[in-house]
Every structure is written in structure tokens, then in C-alpha cells.
2 protein chains.
Amino acid sequence: MVENISDSETSYELNPNLVESVLSAIETEDRALLKQLFKDIHEADIADLLEQFDADTREGLITLWGPDFDLEVLSEVEEKIRDEIVSLLHPNQIASSVGDLESDDIVDIVEDLETKQQDIFLGALDETELAAVQMSLNYPEDTAGRLMQRKLVMLPEGWNVGQAIDKIRSSENLPEEFYHILVVSPKIAPLYQVSLGRLMSSHRNVELASIADGDFRTFPVLEDQHDVAYAFNQYHLISAPVVDENGRVVGVITIDDAMGVLDEEAEEDLMRLGGVGDESLTDRVFGITRQRLPWLLINLVTAILASMVIAQFTETIEAIVALAVLMPIVASMGGNAGTQSLTVAVRALATKDLTGLNSFRVIRREFWVGLINGIMFALIVGGVGYFWFGDTILGIVLGLAMVVNMVVAGLSGILIPLALEKVDIDPAVASSVFVTTVTDVIGFFAFLGLAATVLL
Amino acid sequence: MVENISDSETSYELNPNLVESVLSAIETEDRALLKQLFKDIHEADIADLLEQFDADTREGLITLWGPDFDLEVLSEVEEKIRDEIVSLLHPNQIASSVGDLESDDIVDIVEDLETKQQDIFLGALDETELAAVQMSLNYPEDTAGRLMQRKLVMLPEGWNVGQAIDKIRSSENLPEEFYHILVVSPKIAPLYQVSLGRLMSSHRNVELASIADGDFRTFPVLEDQHDVAYAFNQYHLISAPVVDENGRVVGVITIDDAMGVLDEEAEEDLMRLGGVGDESLTDRVFGITRQRLPWLLINLVTAILASMVIAQFTETIEAIVALAVLMPIVASMGGNAGTQSLTVAVRALATKDLTGLNSFRVIRREFWVGLINGIMFALIVGGVGYFWFGDTILGIVLGLAMVVNMVVAGLSGILIPLALEKVDIDPAVASSVFVTTVTDVIGFFAFLGLAATVLL
């Protein structure tokens with residue numbers, strides 16, 4: 001019964017027919033068609049479309065869409081092409097519709113714009129909105145202060161459900177969306193919050209305090225957005241107030257923004273482990289080249305280091321050329337085993353699962369895993385060495401080098417990220433290089449060194 | 001002014017003092033102390049504590065906590081230790097408190113338990129709850145049907161705000177938390193939804209239809225949870241109904257569950273790229289060893305393949321041993337450049353940013369990036385080769401091999417994941433092996449082959 005549902009394969013990729021139609025609207029400069037096509041498309045999808053077009057098509061689209069351009073697209077589009085888009089828009093266009101955006105979206109858009117474009121935006125805001133946006137911009141990037149929205153619903157202590165409902169229903173200036181009401185002290189310190197669902201399902205004479213959320217948390221304005229996202233995910237928060245240095249409420253963060261941050265941070269860790277910085281698909285060739293270069297340079301240094309180890313053993317290699325054939329196996333297996341151990345450690349550090357409490361146990365475990373895998377692969381590669389080159393001692397040397405390198409790989413994969421975390425360096429950024437340097441150097445040294453000692 | 005806030009460094013790691021106290025409570029079997037310590041601790045943090053303890057301490061904790069054990073901890077704790085914990089609990093304990101859990105949490109807990117433990121749980125449910133849970137369990141794992149909660153607030157078409165509020169306020173059986181009311185047709189097909197915030201801020205005689213959410217989406221029960229999480233993040237959804245094969249509403253998914261899925265999926269991609277499967281810090285040595293083995297075996301095969309390439313050139317190496325010293329540089333640089341290109345591609349595929357629309361442009365870009373970086377590094381390593389070994393031709397050969405390998409690396413880093421995606425293999429799982437095989441084989445072949453042709 002359940003198997004024959006056919007439309008369960010929604011994939012959220014952009015519909016190719018839509019893309020075709022948009023391209024032809026741009027081609028024929030058919031503004032009415034474009035407007036028609038975009039009528040039911042979410043701004044996030046229009047943003048994706050803009051990102052996937054090349055710069056010329058993008059310009060054609062913005063120019064054609066012109067007066068109807070939806071500013072919300074700007075908060076969905078990648079930072080890197082925002083400047084480009086804003087400079088294609090007419091300042092009046094921005095001025096006329098910037099009022100529709102929430103203060104957190106404006107902050108999100110404005111924070112990365114160049115000064116000229118930023119001024120156009122800020123100039124279009126009314127006084128209250130401008131004050132809110134500028135206040136957020138005063139907080140450092142990637143903090144709770146940048147993430148929060150200013151508008152929220154606050155009530156004083158001691159009220160009951162009936163009073164709260166009546167007050168909300170008679171308020172004029174409510175946020176566009178809200179999920180909780182916040183109860184604050186006379187000094188605007190947050191006390192507890194009540195979800196609208198709970199409020200709606202309680203009798204009028206129930207005290208607000210008695211239906212307060214069990215999981216209530218507040219964030220300092222300067223809290224790192226990574227920690228904010230972590231807390232939302234860990235404690236299943238939906239919205240939570242932000243407080244300033246005096247403990248006064250200054251805004252509210254909602255889960256959809258926290259989810260966006262969680263997604264960004266996951267991307268960052270993945271990219272850093274892969275040795276790529278903050279690059280995106282819309283970057284151009286030179287931008288990408290420049291970003292990938294430093295990592296490749298570091299890798300070159302470590303590769304040369306490994307070569308220097310090999311250079312110590314040229315006589316041994318000249319005597320037994322099979323060593324040159326087999327040596328990449330030891331290094332490559334060590335590199336892989338190290339990356340495995342490292343990946344687990346970096347993720348566990350990011351999710352705060354690897355702590356002082358269990359790190360010793362995890363280190364010990366990596367030692368044993370390295371040793372067991374090392375012995376198994378020693379037997380395999382030892383056999384390969386023996387059957388390939390008909391040399392028992394060569395097989396034994398290869399096997400021993402494998403055990404040494406896999407143990408070292410496992411240990412460095414956990415010890416290096418732990419050490420980097422201790423000195424406040426992001427283990428995702430730097431661990432890879434160190435680990436592969438260690439496994440290359442140890443791998444070549446163990447194999448060639450043993451061979452030189454035993455075989456010559 | 002903003003700099004001197006000292007408490008902005010909240011880190012959400014478990015408080016070491018708390019951990020100490022819990023350990024001493026277990027040691028002295030002091031149940032009252034434990035209860036006191038856990039009074040204000042979120043279940044998610046208790047779950048973290050359980051994960052970080054070793055198995056014996058975990059058993060001590062569960063046994064001591066015994067009758068007060070909070071079942072919500074089970075839905076927060078890693079799947080891998082759930083069985084262990086459930087088997088330590090007394091069935092009566094489970095029966096007496098399982099009623100406090102939401103149906104989606106029960107599904108989440110029960111789906112991975114062994115049959116015996118599962119029966120204890122299901123046996124403790126009342127009839128309605130049991131039906132709801134079993135219905136969810138009938139849907140395949142990792143689908144919207146497993147993620148949804150059954151209870152939601154539905155209203156018929158044509159009502160206004162006043163009617164809706166009165167109806168909700170007089171209902172007895174509301175969900176514990178809800179953020180939207182869903183308007184459905186007489187056949188229970190979802191029509192639109194209204195957020196509670198919007199409902200509360202509208203006049204009583206306003207039609208519900210006129211304050212409906214602009215971004216309304218429904219999910220088929222069989223939709224993949226990855227796509228559900230993607231849509232929540234892309235369209236900033238807070239909650240969305242799930243419909244069965246006949247288009248009838250069967251449940252609702254809320255953003256906190258979608259956020260959890262997004263986090264899991266990010267972890268999966270990262271781990272797969274690092275060549276580790278579904279392992280966790282609580283796994284034991286043999287579990288880990290077994291999980292990492294297949295990946296290492298595949299790597300061994302590719303390493304031997306690379307060795308076989310080198311074996312073709314033993315005469316060349318015997319003649320010029322400098323080749324053995326320098327050859328890992330070419331392979332290592334190619335491997336790194338390939339991983340960079342691959343990481344970007346895998347992430348872009350996961351976020352649906354790399355599509356038919358821009359893939360050709362991205363491929364072309366990788367070619368140019370590879371070429372430019374290749375030429376730059378060719379100059380550097382050519383220089384290194386020349387100054388180290390005083391051999392111009394050797395430097396040129398090294399440089400040329402570098403250009404070839406970096407271009408191949410860039411292209412295979414994008415083409416291989418694209419090809420895997422086309423044939424429905426997760427590019428995160430398999431791409432790495434293919435890419436490094438290509439860069440190793442091409443790296444050694446280009447360098448040694450050129451050397452054999454030019455230098456001998």
C-alpha cells in the first residue's frame with residue numbers, strides 16, 4: 001500500500017522547465033513573463049537561480065526584473081554576489097521596499113556589503129529601524145547580537161493568561177512572527193517565557209509563571225553564533241531572548257536563523273577539513289586559485305619534508321629498488337588511517353562530545369584500533385611484498401613499518417586535534433596537514449629505515 | 001563598552017564540577033545527591049554525560065538513578081547505547097512514564113531498539129498512542145512518516161479568527177507544543193496554515209484564509225528526511241503537515257526535528273568523506289576496527305595500483321634515484337588538489353547548488369584552477385628539483401608532471417562526484433577513493449613516464 005506512492009521523490013532542485021522559461025524571458029526581455037514565472041517561486045529558490053546563472057545572465061535577470069525585485073532574495077543569496085546585485089538595483093527601488101524586511105534580515109544583508117551599497121540601504125530606513133540595525137551592527141560579526149531580531153513581545157511579571165491574551169490582542173505593533181511571549185522584570189531582565197500554544201490552551205485565570213517553558217535559555221549578545229546554534233539544537237529551543245551586558249533584553253533569536261547557522265558551520269568544518277576556505281560556486285577562477293593556494297603551499301612543504309626523509313636512504317633504494325615501489329603503500333595507508341581518526345575527533349570536538357572526561361579513553365581506543373588494523377594490514381602487505389618480490393625479509397620489513405605507521409596515524413589523528421583545540425586553533429583547519437605530515441614522514445622513515453638496517 | 005563582558009564565553013560543555021559530583025554520587029551510591037544534581041540539568045546534557053562515561057560508570061548511574069530515570073534522556077542519547085540503557089531499566093519504570101513522551105519521540109527511541117526492548121516499550125502504551133506509533137513505524141526509516149508527530153490542530157475551511165480562537169481555547173486535547181493551526185478540506189486535505197502569532201494579532205472577524213502563511217508546504221509521508229530538512233532550512237519553515245498517499249493529513253513535522261536531521265546529515269557527509277562510517281565515540285575497539293577496515297582495504301588496493309605503476313619504471317629509478325625521492329611530491333600535491341575540488345563538489349551537490357545549469361561552468365573552472373595552480377607549483381617544484389639535484393631536465397620533468405597531475409586532479413574532483421550522483425551513489429562515500437587513485441596513478445605515471453622518455 002505504501003510502496004505505490006509516486007510523488008514521494010520531490011527533490012527540491014530547480015525545475016528545469018522553469019529555468020528554461022526564465023532564460024527565454026531574459027533573452028526576449030519579457031518582463032511580464034518573468035513576473036508571472038516568479039509569482040509562486042520562493043525567494044530562496046530565486047536566490048539559487050541567481051547563484052547558478054553566470055554573471056551576465058544574472059545581470060540580465062536583475063535588470064529585467066528591476067522594479068519588482070524582491071529584497072528578500074538578497075538575504076537568501078550568497079554574500080559573494082550581493083554587492084553585484086545591489087549595485088544593479090536602483091537606490092529608489094531599495095528605498096521603497098526595504099521597510100518590508102525584518103531588522104535581522106537587514107543586518108544580514110548589510111553587514112557584508114561595501115560601504116557605498118551599505119549607505120544606500122541604511123539611508124532608506126526609518127529612524128527606529130535604523131537605530132535597531134545600527135545597534136546590531138555594533139556587535140562583532142558572528143555573535144548573537146548580529147543574529148537577533150529586535151521586535152519581541154514582553155509582558156511584566158505576575159500576569160495571568162487572560163491578561164496576556166487581552167494585552168496581545170489589543171497591541172498594535174507586534175512582530176510579524178512570534179512563538180513565545182517573554183516575561184521580564186521591571187529592569188527588563190528576562191524571567192521566563194510562555195509559548196503561544198501553551199497560552200492558547202490554558203484557562204484565563206492561570207498564572208503565566210505556572211505555564212512557563214521548562215527549557216528557557218537566554219544568550220548574551222556577544223555569544224558566538226556557533227554556540228547559539230549548538231544550544232538551539234541541543235535543547236530544542238524555538239526562540240530565545242538575547243541580553244546585553246546589563247542583563248537587559250535587547251532582542252530575540254528564532255530557530256530558523258539558528259538552523260541556518262548550524263548549516264553554515266557544518267559547511268565550514270567540511271570545507272576546512274578538505275583544505276578549502278570560504279569558497280563558493282559563484283567564485284571566479286582567480287578567486288578560487290588564490291584561496292586554494294595557501295593550503296597547497298603548506299602541503300608542498302610537508303611533501304618536501306617527506307622527500308627529504310627518502311633522500312636519506314637513496315643508497316638503500318639504489319640497492320633494492322623494490323623499496324621505491326612499495327614505499328607509497330605504507331605512507332598512503334597511514335595517511336588514510338590518520339584521516340579516519342582525525343575526522344571522528346574533529347566532529348566530536350565540534351559537537352562537544354569529546355571532552356576531558358572521555359579523551360583519555362578515546363586516545364587509548366585509537367591506539368588499539370591502530371594496532372589491530374596495523375597487524376591485519378601488516379599480514380596482507382607483508383604477503384604482497386613477499387609474493388611480489390619473493391623476499392621474506394622485505395615482506396617482514398613492510399609489515400612492521402605498516403604496524404608502526406598505523407599506530408602513529410591513529411594516535412596523531414586524535415592527539416593533534418586535541419592539542420590544537422587546547423591552544424584555541426580550529427582543529428578542522430590545521431589538523432589535516434599535521435596528521436599527513438606525520439604519517440608520511442613516519443611511514444617513509446619506518447619502512448626505509450628498517451630496510452636499511454635489516455636488508456643491507 | 002562591549003569588550004568587557006566577561007560571561008559571553010558560555011561553552012555548553014559539561015561542567016567539570018557537576019561531572020565530579022555525579023561520579024562521587026555513583027561511587028557512594030547516594031541517590032538523593034544524584035537526584036538533586038540532575039534537578040536542573042537538561043535531558044540532553046544527561047544524555048551527553050551518559051555517552052561520555054564508560055560502560056561501567058553508565059551502568060552505575062542508571063542503576064542508582066533507577067526509578068527516577070527520565071525517559072526523555074533516551075531520545076537524546078545516541079542509538080548505540082540505547083539498548084544498553086533500556087535493558088538496565090525495569091519494565092515497570094518504562095511503563096509508568098512512557099505516557100509523558102510525544103509520539104515522535106517514542107518512534108525515535110523504539111525504531112532502533114532490539115525486539116525485546118521494543119516490546120517493553122510498545123506494551124506500555126495505551127491504545128491510541130500504540131496505534132500512532134505503529135503507524136509511524138510502518139513507514140520506512142529516514143522518511144517524513146518517521147519524523148512526524150501525530151497530534152496537530154486542524155480546523156475546517158471558512159472560519160474566521162474569532163471562531164478559531166474560541167475553538168482552540170475550548171479544546172481539551174491539544175498538542176503539548178504547536179505553532180500553527182492547519183486548515184483542512186472536508187477530506188482532511190491540507191489547505192493552508194495560520195501561525196499562532198498571526199492569529200493572536202488579528203481581529204476576530206478576519207477570515208483565516210486572509211492571514212494564511214505565505215510559505216506553506218506539505219510533505220508526503222515517504223519523503224526522504226534529508227529533503228525534509230533541506231526544505232525546512234531553505235524555506236524557513238517552522239512546522240509543516242505530512243500527508244499520506246491519498247493527500248490526507250497524517251501528522252506534522254516541526255523545525256526542531258528537522259534541525260536534528262540537518263545536523264545528522266552534515267555529520268554523515270563529513271564522516272563519509274573522511275572514510276569513516278556510522279561510528280561514534282561510544283563504540284568499542286572492535287566495532288571501530290571493523291567499521292574502518294573496508295575503507296582501508298579499498299585504499300590498499302589503490303595504493304598497490306599506484307605501486308604497480310612505479311614498478312613499471314624500476315630501471316629508470318635505478319638509473320636516477322632522485323626520481324624516487326621526488327615522486328611522492330607529485331602524487332601528494334595532486335591528491336590535495338583533487339580533495340579540494342572534490343570537497344567543494346560534494347558539498348554543492350548536498351546543498352543542491354551544483355546542477356545541470358552550472359555544472360559545465362564549474363567543470364571548466366576546475367580545469368583553469370588546476371592549470372593555473374599547476375603552472376605555479378610547476379615553477380616552484382621545478383626550482384626545487386633543479387637546486388636540490390642540480391639537474392635542469394629533472395626540474396622540467398617534475399614541473400610538467402605537476403601541471404598534468406593538478407589539472408587531472410581538479411577535473412576528477414568534480415567529474416567523479418557528478419558521475420556518482422548520476423548513478424545514484426552518494427558521492428560523499430565513494431568519491432575520495434576514486435579521486436586519490438586517479439591522482440596517485442597519474443602522478444606517478446606522468447612523472448616517471450616523462451623521466452623515462454626524456455632522461456634515459
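1. Let us start with Gln225(B), which is buried at a relative accessible area of 9% (buried means under 20% relative accessible area, exposed over 50%, partly exposed in between, with a 1.4 Å probe and protein chains only). Gln225(B) lies in helix 14 of chain B, residues 225–235 (helices are DSSP runs of H or I with at least four residues, strands are runs of E with at least two, both numbered from the N terminus). Setting aside neighbours within four places in sequence, Gln225(B) is in contact with Asp142(B), Thr143(B), Leu147(B), Val261(B), Glu264(B) and Glu265(B), where contact means heavy atoms within 4.5 Å.

2. A word on the source: this is a predicted model, in which local features need pLDDT of at least 70 and side-chain atom pairs count only at pLDDT 80 or more, while totals for chains, interfaces and linings use all residues. Residues are numbered from 1 along each chain as its sequence is written, chains are lettered from A in the order in which they are written, and side-chain values use heavy atoms, with hydrogens and water left out.

3. Next, look at Lys352(B), in the loop between helix 18 (322–350) and helix 19 (359–389) of chain B. Lys352(B) is buried, with a relative accessible area of 10%. Its side chain makes a polar contact with that of Asp227(B) at 3.0 Å (a polar contact is a pair of N or O atoms within 3.5 Å; within protein, one must be able to donate a hydrogen and the other to accept it, and residues adjacent in sequence count only if both atoms are side-chain atoms).

4. How do the two chains meet? Here 141 residues of chain B are in contact with 143 residues of chain A. Together the chains bury about 12,900 Å², 64% of it on carbon and sulfur atoms; buried area is the accessible area (1.4 Å probe) that two parts lose on being put together, summed over both. In chain B, Tyr12(B), Met200(B) and Leu281(B) lose the most area to chain A, together 7% of what that side buries.

5. Across this interface of chain B and chain A there are ten salt bridges (a side-chain nitrogen of Lys or Arg within 4 Å of a carboxyl oxygen of Asp or Glu). Glu366(A) and Arg292(B) form a salt bridge at 2.8 Å, N to O. Another salt bridge joins Arg347(A) and Glu267(B) at 2.6 Å. Arg347(A) sits in helix 18 of chain A and Glu267(B) in helix 15 of chain B, so this pair joins two chains. Arg347(A) is buried at 9%, whereas Glu267(B) is partly exposed at 27%.

6. Within chain B, Lys80(B) forms a salt bridge with Asp283(B), the closest N and O atoms being 3.0 Å apart. Lys80(B) belongs to helix 6 and Asp283(B) to the loop between helix 15 and helix 16, so the pair ties together parts 203 residues apart in sequence. Lys80(B) is partly exposed at 34% relative accessibility, while Asp283(B) is buried at 12%.

7. Finally, visit helix 12 of chain A (residues 161–170), where Val161(A), Gly162(A), Ala164(A), Ile165(A) and Ile168(A) are buried. Down the helix axis these buried residues fall within an arc of 165°, so they line one face of helix 12; the arc is that of the directions from the helix axis to the C-beta atoms. Their packing partners include strand 1 and strand 2 of chain A, and also helix 12 and helix 13 of chain B.
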